Amino acid sequence: PWFRAPELLKRRMAEGKPWETPGRGEEVRVPEDRKRRIAEALRGAYLGLVSEVLDSGITNVADLEMAVENALDMKAPFRLMNDLGPAASLALVEAYAKTHPGFPVGKCLRERAASGRPWTVPVVLRQDRGDVAVVVIRRPKLLNALDAVAFEQIAERMREIRAEGAIRAAVLTGFGVKAFVSGADVRFLSRIASAEDGERTCLESQAVLNLVQELGKPVVCALNGVAFGGGMELAMACTARIARRGMGILGGQPEPNLGIIPGAGGTQRLPRIVGIEKGAEILRTGRPVSAGEAERIGLVQELCEGDLLDAAVGIARALADGSRKAPGLPRAPLPSVPAALPPLDLGHLSRRIDAILCETILAGARGTLEEGLKLEARKFGECVGTEDMRIGIRNFMENGPGAKAAFVHR
(Lines give C-alpha, C1' and ligand atoms only; values in the text may rest on other atoms or scores of the structure.)
Protein backbone atom coordinates (compact mmCIF):
# COMPACT_ATOMS: atom_id res chain seq x y z
CA PRO A 1 0.00 0.00 0.00
CA TRP A 2 2.85 2.43 0.48
CA PHE A 3 3.66 2.27 -3.26
CA ARG A 4 1.55 5.25 -4.17
CA ALA A 5 2.09 8.59 -5.89
CA PRO A 6 2.96 11.12 -3.15
CA GLU A 7 0.75 14.17 -2.78
CA LEU A 8 3.75 16.43 -3.41
CA LEU A 9 4.25 14.87 -6.85
CA LYS A 10 0.53 15.01 -7.66
CA ARG A 11 0.40 18.74 -6.90
CA ARG A 12 3.49 19.47 -8.97
CA MET A 13 2.08 17.56 -11.94
CA ALA A 14 -1.24 19.38 -11.66
CA GLU A 15 0.52 22.75 -11.60
CA GLY A 16 2.66 21.81 -14.59
CA LYS A 17 5.67 23.57 -13.06
CA PRO A 18 9.22 22.24 -13.12
CA TRP A 19 11.03 21.44 -9.88
CA GLU A 20 13.46 24.01 -8.57
CA THR A 21 16.90 22.44 -8.77
CA PRO A 22 20.38 23.74 -7.91
CA GLY A 23 22.47 25.20 -10.70
CA ARG A 24 25.96 24.05 -11.60
CA GLY A 25 28.27 24.73 -8.70
CA GLU A 26 25.45 26.00 -6.48
CA GLU A 27 25.66 24.79 -2.89
CA VAL A 28 22.44 23.79 -1.13
CA ARG A 29 22.73 24.44 2.59
CA VAL A 30 20.65 22.30 4.89
CA PRO A 31 20.74 22.38 8.72
CA GLU A 32 22.74 19.42 10.08
CA ASP A 33 19.79 17.96 11.99
CA ARG A 34 17.59 18.06 8.91
CA LYS A 35 20.38 16.59 6.76
CA ARG A 36 20.73 13.71 9.24
CA ARG A 37 16.98 13.01 9.27
CA ILE A 38 16.83 13.05 5.46
CA ALA A 39 19.80 10.68 5.23
CA GLU A 40 18.29 8.29 7.75
CA ALA A 41 14.95 8.28 5.92
CA LEU A 42 16.59 7.65 2.57
CA ARG A 43 18.71 4.83 3.99
CA GLY A 44 15.71 3.30 5.74
CA ALA A 45 13.71 3.30 2.50
CA TYR A 46 16.64 2.00 0.45
CA LEU A 47 17.61 -0.84 2.76
CA GLY A 48 13.97 -1.77 3.31
CA LEU A 49 13.37 -2.06 -0.42
CA VAL A 50 16.50 -4.16 -0.88
CA SER A 51 15.41 -6.51 1.91
CA GLU A 52 11.94 -6.83 0.37
CA VAL A 53 13.44 -7.72 -3.01
CA LEU A 54 15.70 -10.34 -1.40
CA ASP A 55 12.80 -11.81 0.60
CA SER A 56 10.79 -12.17 -2.64
CA GLY A 57 13.21 -14.85 -3.86
CA ILE A 58 13.56 -13.36 -7.35
CA THR A 59 17.29 -12.80 -6.94
CA ASN A 60 20.21 -13.36 -4.58
CA VAL A 61 22.71 -11.26 -2.63
CA ALA A 62 25.47 -11.43 -5.27
CA ASP A 63 23.28 -10.46 -8.25
CA LEU A 64 21.35 -7.75 -6.39
CA GLU A 65 24.53 -6.18 -5.08
CA MET A 66 26.09 -6.05 -8.55
CA ALA A 67 22.92 -4.83 -10.26
CA VAL A 68 22.35 -1.92 -7.88
CA GLU A 69 26.00 -0.88 -7.78
CA ASN A 70 26.42 -0.85 -11.56
CA ALA A 71 23.01 -0.01 -13.00
CA LEU A 72 22.08 2.63 -10.40
CA ASP A 73 25.64 3.83 -9.70
CA MET A 74 25.12 4.02 -5.96
CA LYS A 75 26.74 2.38 -2.96
CA ALA A 76 26.00 -1.32 -3.03
CA PRO A 77 23.35 -2.17 -0.40
CA PHE A 78 24.88 -5.13 1.37
CA ARG A 79 28.26 -3.45 1.66
CA LEU A 80 26.46 -0.39 3.08
CA MET A 81 24.66 -2.59 5.63
CA ASN A 82 27.96 -4.20 6.61
CA ASP A 83 29.47 -0.74 7.12
CA LEU A 84 26.51 0.41 9.23
CA GLY A 85 26.17 -2.89 11.08
CA PRO A 86 23.17 -5.28 10.93
CA ALA A 87 21.45 -3.87 14.01
CA ALA A 88 21.82 -0.24 12.89
CA SER A 89 20.52 -1.13 9.43
CA LEU A 90 17.44 -2.77 10.91
CA ALA A 91 16.83 0.24 13.15
CA LEU A 92 16.82 2.58 10.13
CA VAL A 93 14.27 0.44 8.31
CA GLU A 94 12.06 0.06 11.39
CA ALA A 95 12.11 3.82 11.98
CA TYR A 96 11.07 4.45 8.37
CA ALA A 97 8.32 1.81 8.56
CA LYS A 98 6.96 3.42 11.72
CA THR A 99 6.18 6.66 9.86
CA HIS A 100 5.13 4.99 6.58
CA PRO A 101 2.29 2.53 7.15
CA GLY A 102 2.53 -0.56 5.00
CA PHE A 103 6.29 -0.32 4.46
CA PRO A 104 7.73 -3.82 4.96
CA VAL A 105 10.59 -4.73 7.27
CA GLY A 106 12.29 -7.67 5.58
CA LYS A 107 12.54 -11.05 7.26
CA CYS A 108 16.09 -11.44 5.92
CA LEU A 109 17.12 -8.17 7.60
CA ARG A 110 15.59 -9.17 10.94
CA GLU A 111 17.39 -12.52 10.81
CA ARG A 112 20.67 -10.88 9.86
CA ALA A 113 20.41 -8.38 12.72
CA ALA A 114 19.58 -11.18 15.17
CA SER A 115 22.66 -13.13 14.08
CA GLY A 116 24.95 -10.10 14.36
CA ARG A 117 26.91 -11.37 11.36
CA PRO A 118 27.74 -9.24 8.30
CA TRP A 119 26.35 -10.14 4.88
CA THR A 120 28.52 -12.39 2.75
CA VAL A 121 28.66 -10.96 -0.77
CA PRO A 122 29.95 -13.54 -3.28
CA VAL A 123 32.31 -12.03 -5.86
CA VAL A 124 33.83 -15.32 -7.05
CA LEU A 125 31.08 -17.50 -8.48
CA ARG A 126 30.98 -21.06 -9.74
CA GLN A 127 28.87 -22.78 -12.37
CA ASP A 128 29.80 -26.29 -13.44
CA ARG A 129 29.76 -27.62 -16.98
CA GLY A 130 29.53 -31.32 -16.33
CA ASP A 131 32.85 -32.46 -14.93
CA VAL A 132 34.49 -29.03 -15.34
CA ALA A 133 33.97 -26.30 -12.74
CA VAL A 134 33.84 -22.77 -14.19
CA VAL A 135 34.93 -20.13 -11.67
CA VAL A 136 34.15 -16.49 -12.48
CA ILE A 137 35.66 -13.47 -10.74
CA ARG A 138 32.93 -10.82 -10.75
CA ARG A 139 33.69 -7.27 -9.60
CA PRO A 140 32.83 -5.33 -12.78
CA LYS A 141 32.76 -1.91 -11.12
CA LEU A 142 36.48 -2.38 -10.37
CA LEU A 143 37.29 -4.40 -13.52
CA ASN A 144 37.45 -7.55 -11.38
CA ALA A 145 40.33 -6.20 -9.25
CA LEU A 146 41.43 -8.46 -6.42
CA ASP A 147 41.17 -7.64 -2.73
CA ALA A 148 41.38 -9.80 0.40
CA VAL A 149 37.76 -10.95 0.03
CA ALA A 150 38.25 -11.97 -3.61
CA PHE A 151 41.44 -13.88 -2.77
CA GLU A 152 39.69 -15.76 0.02
CA GLN A 153 36.72 -16.64 -2.19
CA ILE A 154 39.04 -17.92 -4.94
CA ALA A 155 40.63 -20.16 -2.31
CA GLU A 156 37.19 -21.36 -1.14
CA ARG A 157 36.11 -22.28 -4.68
CA MET A 158 39.40 -24.11 -5.32
CA ARG A 159 39.17 -26.08 -2.09
CA GLU A 160 35.63 -27.13 -3.07
CA ILE A 161 36.83 -28.24 -6.51
CA ARG A 162 39.76 -30.18 -5.05
CA ALA A 163 37.44 -32.07 -2.69
CA GLU A 164 34.82 -33.06 -5.28
CA GLY A 165 35.64 -36.29 -7.07
CA ALA A 166 33.13 -35.69 -9.87
CA ILE A 167 34.99 -32.54 -10.93
CA ARG A 168 38.03 -33.36 -13.08
CA ALA A 169 39.20 -29.88 -14.07
CA ALA A 170 38.46 -26.19 -13.71
CA VAL A 171 38.31 -23.02 -15.80
CA LEU A 172 39.09 -19.66 -14.21
CA THR A 173 37.83 -16.52 -15.94
CA GLY A 174 36.56 -13.00 -15.33
CA PHE A 175 33.15 -11.41 -15.71
CA GLY A 176 32.48 -9.35 -18.84
CA VAL A 177 34.74 -8.62 -21.79
CA LYS A 178 36.93 -5.80 -20.47
CA ALA A 179 39.05 -7.51 -17.86
CA PHE A 180 40.03 -10.91 -16.55
CA VAL A 181 41.51 -9.19 -13.50
CA SER A 182 42.75 -5.62 -13.73
CA GLY A 183 45.15 -6.13 -10.82
CA ALA A 184 45.09 -5.81 -7.07
CA ASP A 185 42.69 -3.21 -5.70
CA VAL A 186 45.04 -0.26 -5.04
CA ARG A 187 43.01 0.66 -1.95
CA PHE A 188 44.06 -2.75 -0.65
CA LEU A 189 47.74 -1.94 -1.37
CA SER A 190 47.55 1.55 0.14
CA ARG A 191 46.78 0.10 3.58
CA ILE A 192 50.11 -1.77 3.75
CA ALA A 193 52.04 0.19 6.38
CA SER A 194 55.22 -1.77 7.16
CA ALA A 195 57.70 -4.22 5.67
CA GLU A 196 56.30 -6.99 7.87
CA ASP A 197 52.77 -6.18 6.77
CA GLY A 198 53.87 -6.19 3.14
CA GLU A 199 55.60 -9.57 3.44
CA ARG A 200 52.61 -11.08 5.24
CA THR A 201 50.17 -9.74 2.62
CA CYS A 202 52.27 -11.25 -0.18
CA LEU A 203 52.52 -14.63 1.51
CA GLU A 204 48.74 -14.70 1.97
CA SER A 205 48.17 -13.89 -1.71
CA GLN A 206 50.82 -16.39 -2.78
CA ALA A 207 49.15 -19.12 -0.71
CA VAL A 208 45.97 -18.74 -2.79
CA LEU A 209 47.89 -18.87 -6.08
CA ASN A 210 49.89 -21.85 -4.85
CA LEU A 211 46.58 -23.60 -4.16
CA VAL A 212 45.54 -22.96 -7.79
CA GLN A 213 48.91 -24.24 -9.06
CA GLU A 214 48.94 -27.35 -6.86
CA LEU A 215 45.24 -28.18 -7.09
CA GLY A 216 45.89 -31.68 -8.40
CA LYS A 217 43.47 -31.00 -11.26
CA PRO A 218 44.13 -28.90 -14.38
CA VAL A 219 43.05 -25.27 -14.17
CA VAL A 220 42.73 -23.38 -17.47
CA CYS A 221 42.72 -19.59 -17.35
CA ALA A 222 40.38 -18.09 -19.96
CA LEU A 223 41.64 -14.54 -20.39
CA ASN A 224 38.39 -12.84 -21.36
CA GLY A 225 39.99 -9.39 -21.07
CA VAL A 226 43.10 -7.67 -19.78
CA ALA A 227 45.17 -9.15 -16.96
CA PHE A 228 47.42 -6.80 -15.06
CA GLY A 229 49.44 -7.22 -11.90
CA GLY A 230 47.77 -9.76 -9.63
CA GLY A 231 45.56 -10.79 -12.55
CA MET A 232 48.53 -11.88 -14.63
CA GLU A 233 50.08 -13.54 -11.58
CA LEU A 234 46.86 -15.50 -11.03
CA ALA A 235 46.79 -16.52 -14.69
CA MET A 236 50.40 -17.74 -14.49
CA ALA A 237 49.52 -19.99 -11.54
CA CYS A 238 47.05 -21.86 -13.76
CA THR A 239 47.97 -25.00 -15.68
CA ALA A 240 47.41 -23.32 -19.06
CA ARG A 241 46.20 -20.00 -20.43
CA ILE A 242 44.15 -19.05 -23.48
CA ALA A 243 43.06 -15.61 -24.69
CA ARG A 244 40.95 -13.90 -27.32
CA ARG A 245 42.83 -13.37 -30.59
CA GLY A 246 43.55 -9.82 -31.66
CA MET A 247 43.86 -8.18 -28.24
CA GLY A 248 46.31 -5.32 -28.68
CA ILE A 249 46.84 -5.26 -24.93
CA LEU A 250 46.50 -8.51 -23.05
CA GLY A 251 48.25 -7.57 -19.83
CA GLY A 252 51.49 -7.35 -17.93
CA GLN A 253 53.11 -6.48 -14.62
CA PRO A 254 52.81 -2.70 -14.19
CA GLU A 255 53.93 -2.69 -10.54
CA PRO A 256 57.06 -0.54 -11.16
CA ASN A 257 54.68 2.30 -12.09
CA LEU A 258 53.39 2.08 -8.52
CA GLY A 259 56.83 1.98 -6.96
CA ILE A 260 56.60 -1.70 -6.03
CA ILE A 261 57.52 -5.12 -7.39
CA PRO A 262 55.04 -7.94 -8.06
CA GLY A 263 54.18 -9.76 -4.83
CA ALA A 264 52.00 -12.71 -5.85
CA GLY A 265 54.62 -14.66 -7.79
CA GLY A 266 55.18 -12.53 -10.88
CA THR A 267 58.95 -12.17 -10.42
CA GLN A 268 59.30 -15.94 -10.20
CA ARG A 269 56.71 -17.48 -12.50
CA LEU A 270 57.13 -15.15 -15.49
CA PRO A 271 60.88 -15.87 -15.98
CA ARG A 272 60.16 -19.59 -15.59
CA ILE A 273 57.46 -19.43 -18.27
CA VAL A 274 59.02 -17.13 -20.91
CA GLY A 275 62.72 -17.17 -19.96
CA ILE A 276 64.80 -14.87 -17.77
CA GLU A 277 65.79 -12.37 -20.46
CA LYS A 278 62.28 -11.75 -21.81
CA GLY A 279 60.63 -12.06 -18.41
CA ALA A 280 63.00 -9.56 -16.80
CA GLU A 281 62.47 -7.02 -19.57
CA ILE A 282 58.68 -7.20 -19.21
CA LEU A 283 58.88 -7.01 -15.42
CA ARG A 284 61.35 -4.12 -15.26
CA THR A 285 59.66 -1.88 -17.82
CA GLY A 286 56.13 -2.67 -16.71
CA ARG A 287 55.08 -2.63 -20.37
CA PRO A 288 52.00 -4.54 -21.53
CA VAL A 289 52.10 -7.41 -24.00
CA SER A 290 49.60 -8.13 -26.77
CA ALA A 291 47.82 -11.43 -27.20
CA GLY A 292 50.03 -12.17 -30.21
CA GLU A 293 53.26 -11.56 -28.31
CA ALA A 294 51.96 -13.57 -25.36
CA GLU A 295 51.44 -16.55 -27.66
CA ARG A 296 54.86 -16.16 -29.31
CA ILE A 297 56.74 -16.15 -26.01
CA GLY A 298 54.68 -18.97 -24.48
CA LEU A 299 52.77 -16.92 -21.94
CA VAL A 300 49.50 -18.19 -23.45
CA GLN A 301 49.09 -21.52 -25.19
CA GLU A 302 46.26 -20.70 -27.56
CA LEU A 303 44.39 -17.74 -29.07
CA CYS A 304 40.69 -18.16 -29.64
CA GLU A 305 38.39 -16.57 -32.23
CA GLY A 306 35.21 -18.39 -31.20
CA ASP A 307 33.60 -18.89 -27.79
CA LEU A 308 36.42 -18.52 -25.27
CA LEU A 309 34.70 -20.39 -22.47
CA ASP A 310 33.79 -23.35 -24.68
CA ALA A 311 37.41 -23.57 -25.82
CA ALA A 312 38.70 -23.40 -22.24
CA VAL A 313 36.34 -26.14 -21.06
CA GLY A 314 37.46 -28.36 -23.96
CA ILE A 315 41.14 -27.80 -23.15
CA ALA A 316 40.51 -28.48 -19.45
CA ARG A 317 38.89 -31.83 -20.29
CA ALA A 318 41.74 -32.71 -22.68
CA LEU A 319 44.30 -31.95 -19.98
CA ALA A 320 42.35 -34.02 -17.45
CA ASP A 321 42.12 -37.11 -19.69
CA GLY A 322 45.73 -36.81 -20.87
CA SER A 323 44.98 -36.21 -24.54
CA ARG A 324 46.67 -32.82 -24.23
CA LYS A 325 49.94 -32.10 -22.43
CA ALA A 326 50.28 -29.21 -19.99
CA PRO A 327 53.06 -26.70 -20.72
CA GLY A 328 54.61 -27.18 -17.29
CA LEU A 329 56.29 -24.75 -14.90
CA PRO A 330 59.87 -25.43 -13.71
CA ARG A 331 60.05 -25.71 -9.92
CA ALA A 332 63.80 -26.32 -9.73
CA PRO A 333 66.55 -23.67 -9.99
CA LEU A 334 66.87 -22.35 -13.54
CA PRO A 335 70.04 -23.10 -15.51
CA SER A 336 72.42 -20.41 -16.79
CA VAL A 337 71.21 -17.56 -14.62
CA PRO A 338 73.28 -14.45 -15.54
CA ALA A 339 75.30 -12.60 -12.92
CA ALA A 340 73.45 -9.38 -13.73
CA LEU A 341 70.68 -8.08 -15.94
CA PRO A 342 71.51 -5.72 -18.82
CA PRO A 343 70.92 -1.96 -18.45
CA LEU A 344 67.50 -0.74 -19.56
CA ASP A 345 66.06 2.67 -20.27
CA LEU A 346 63.70 2.93 -17.30
CA GLY A 347 62.38 6.38 -18.15
CA HIS A 348 60.63 7.84 -15.11
CA LEU A 349 60.61 4.54 -13.19
CA SER A 350 62.34 4.21 -9.82
CA ARG A 351 65.94 3.02 -9.96
CA ARG A 352 65.65 1.98 -6.30
CA ILE A 353 62.71 -0.30 -7.04
CA ASP A 354 64.42 -1.62 -10.17
CA ALA A 355 67.46 -2.66 -8.10
CA ILE A 356 65.20 -4.59 -5.72
CA LEU A 357 63.38 -6.14 -8.68
CA CYS A 358 66.58 -7.26 -10.43
CA GLU A 359 67.90 -8.87 -7.25
CA THR A 360 64.58 -10.67 -6.74
CA ILE A 361 64.50 -12.02 -10.30
CA LEU A 362 68.07 -13.29 -10.31
CA ALA A 363 68.29 -14.65 -6.77
CA GLY A 364 64.89 -16.27 -7.15
CA ALA A 365 65.87 -17.97 -10.41
CA ARG A 366 68.92 -19.48 -8.72
CA GLY A 367 66.70 -21.23 -6.16
CA THR A 368 63.57 -23.32 -6.27
CA LEU A 369 60.22 -21.75 -7.06
CA GLU A 370 59.21 -22.13 -3.43
CA GLU A 371 62.34 -20.32 -2.27
CA GLY A 372 61.86 -17.62 -4.89
CA LEU A 373 58.32 -16.89 -3.79
CA LYS A 374 59.40 -16.41 -0.18
CA LEU A 375 62.20 -14.12 -1.38
CA GLU A 376 59.74 -12.11 -3.44
CA ALA A 377 57.53 -11.55 -0.39
CA ARG A 378 60.50 -10.29 1.64
CA LYS A 379 61.60 -7.99 -1.17
CA PHE A 380 58.08 -6.62 -1.56
CA GLY A 381 58.27 -5.78 2.13
CA GLU A 382 61.53 -3.97 1.41
CA CYS A 383 59.68 -1.83 -1.16
CA VAL A 384 57.24 -0.73 1.55
CA GLY A 385 60.10 1.01 3.31
CA THR A 386 60.98 3.16 0.29
CA GLU A 387 59.82 6.68 -0.43
CA ASP A 388 59.05 5.66 -4.00
CA MET A 389 56.32 3.20 -3.01
CA ARG A 390 54.43 5.93 -1.15
CA ILE A 391 54.92 8.30 -4.09
CA GLY A 392 53.73 5.70 -6.60
CA ILE A 393 50.63 4.60 -4.69
CA ARG A 394 49.63 8.18 -3.86
CA ASN A 395 50.10 9.26 -7.48
CA PHE A 396 47.88 6.42 -8.72
CA MET A 397 45.11 7.15 -6.23
CA GLU A 398 45.15 10.91 -6.84
CA ASN A 399 45.88 11.06 -10.57
CA GLY A 400 44.93 7.67 -12.02
CA PRO A 401 46.93 4.97 -13.81
CA GLY A 402 48.01 7.15 -16.74
CA ALA A 403 49.95 9.72 -14.68
CA LYS A 404 53.69 9.20 -14.24
CA ALA A 405 54.90 9.35 -10.65
CA ALA A 406 57.76 11.71 -9.77
CA PHE A 407 59.99 9.08 -8.18
CA VAL A 408 63.01 10.18 -6.09
CA HIS A 409 64.86 6.81 -6.37
CA ARG A 410 64.94 6.29 -2.62
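**A walk through the predicted model**

The buried residues of helix α15 pack against α11 (266-274), α12 (276-285), α16 (369-384) and α17 (387-399). Contact here means heavy atoms within 4.5 Å. Buried means under 20% relative accessible area, exposed over 50%, and partly exposed in between, with a 1.4 Å probe and protein chains only. Helices (H or I, at least four residues) and strands (E, at least two) are DSSP runs, numbered from the N terminus.

This is a predicted model, in which local features need pLDDT of at least 70 and side-chain atom pairs count only at pLDDT 80 or more, while totals for chains, interfaces and linings use all residues. Residues are numbered from 1 along each chain as its sequence is written, and side-chain values use heavy atoms, leaving out hydrogens and water.

Now the overall picture. The protein has 17 helices and nine strands. Its C-alpha atoms fill a box of roughly 80 × 55 × 40 Å, taken along the principal axes. Of its 410 residues, 49% count as buried. Among contacts with a separation of 6 or more, 74% join residues 24 or more positions apart.

Back to α15, residues 351-365. Its buried residues include Ile-353, Ile-356, Leu-357, Ile-361 and Leu-362. Asp-354 and Thr-360 are buried too. At the start of the helix, a side-chain oxygen of Ser-350 comes within 3.2 Å of the backbone nitrogen of Arg-352. That is a polar contact: a pair of N or O atoms within 3.5 Å, where, within protein, one must be able to donate a hydrogen and the other to accept it, and residues adjacent in sequence count only if both atoms are side-chain atoms. The expected span of a helix is 1.5 Å times one less than its number of residues. For the 15 residues of α15 that gives 21 Å, and the end C-alpha atoms are 21 Å apart, which agrees.

Helix α5 (residues 86-99) buries Pro-86, Ser-89, Leu-90, Leu-92, Val-93, Tyr-96 and Ala-97. These cover an arc of only 155° around the axis, so they lie on the same side of α5. The arc is that of the directions from the helix axis to the C-beta atoms. An α-helix has 3.6 residues a turn, so residues three or four places apart point the same way. The cover over the buried side of α5 includes α2 (32-56), α4 (77-84) and α6 (107-115). On the face turned away sit the exposed residues Ala-87, Lys-98 and Thr-99.

Next, the strands. Two strands pair if DSSP finds at least two bridges between them. Strand β1 (residues 124-129) pairs with β2 in the antiparallel sense over six bridges. Val-124 has Ile-137 as its bridge partner in β2. Two residues separate the strands of this hairpin, and Gly-130 takes a positive phi near 65°.

Strand β2 (residues 132-137) also runs parallel to β3, joined by six bridges. Val-132 stands opposite Ala-169 in β3. The chain gets from β2 to β3 through helix α7 (residues 148-163), a right-handed β-α-β crossover. Right-handed means that, with the strands pointing away from the viewer, the path from the first strand over the helix to the second runs clockwise. β3 also pairs in parallel with β5 (residues 219-223), over four bridges. There, Ala-170 stands opposite Val-219.

How enclosed is β3? Six of its six residues (169-174) are buried, so the strand is largely enclosed by the rest of the structure. Ala-169, Val-171 and Thr-173 are buried on one side, and Ala-170, Leu-172 and Gly-174 on the other.
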